[in-house]
Amino acid sequence: MNREYHRWYSERLHRDMELLVFGHSGEPVLLLPTSKGRFFQAEDFGRIGAIADREV
């Protein structure tokens with residue numbers, strides 16, 4: 001599965017923003033971390049691996 005890391009500086013928030021993009025096709029899914037979580041939380045908890053082989 002394709003995994004891309006993106007990082008940029010937000011002028012409005014005055015901080016670095018980070019996100020991970022998985023896959024290259026299929027239905028888009030947006031996963032948000034918990035209030036104290038980091039951008040990679042879904043991957044650490046195994047959520048990405050659980051849906052990696054699903055067909056659309």
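Q: Is Arg7 buried or exposed?
A: Arg7 counts as exposed, at 51% relative accessibility. The cut-offs are under 20% relative accessible area for buried, over 50% for exposed and partly exposed in between (1.4 Å probe, protein chains only). Bear in mind that this is a predicted model, where local features need pLDDT of at least 70 and side-chain atom pairs pLDDT 80 or more, while totals for chains, interfaces and linings use all residues. Residues are numbered from 1 along each chain as its sequence is written, and side-chain values use heavy atoms, without hydrogens and water.

Q: Which side chain meets Arg7 in a salt bridge?
A: Asp16, at 2.5 Å from N to O. A salt bridge here is a side-chain nitrogen of Lys or Arg within 4 Å of a carboxyl oxygen of Asp or Glu. Asp16 is partly exposed, at 35%.

Q: And how many salt bridges does the structure hold?
A: Three. One of them joins Glu43 and Arg3, with the closest N and O atoms 3.0 Å apart.

Q: Why does that pair tie together parts that are 40 residues apart in sequence?
A: Because Glu43 lies in helix H1 (residues 41-44) and Arg3 in strand E1. Helices (H or I, at least four residues) and strands (E, at least two) are DSSP runs, numbered from the N terminus.

Q: Switching topic, in what sense do E1 and E2 pair?
A: Antiparallel: E1 (residues 3-10) and E2 (residues 15-22) share eight bridges, where pairing takes at least two DSSP bridges. Tyr5, for one, has Leu20 in E2 as its bridge partner.

Q: Which residue takes a positive phi in that hairpin?
A: His14, near 60°, and the hairpin has four residues between the strands.
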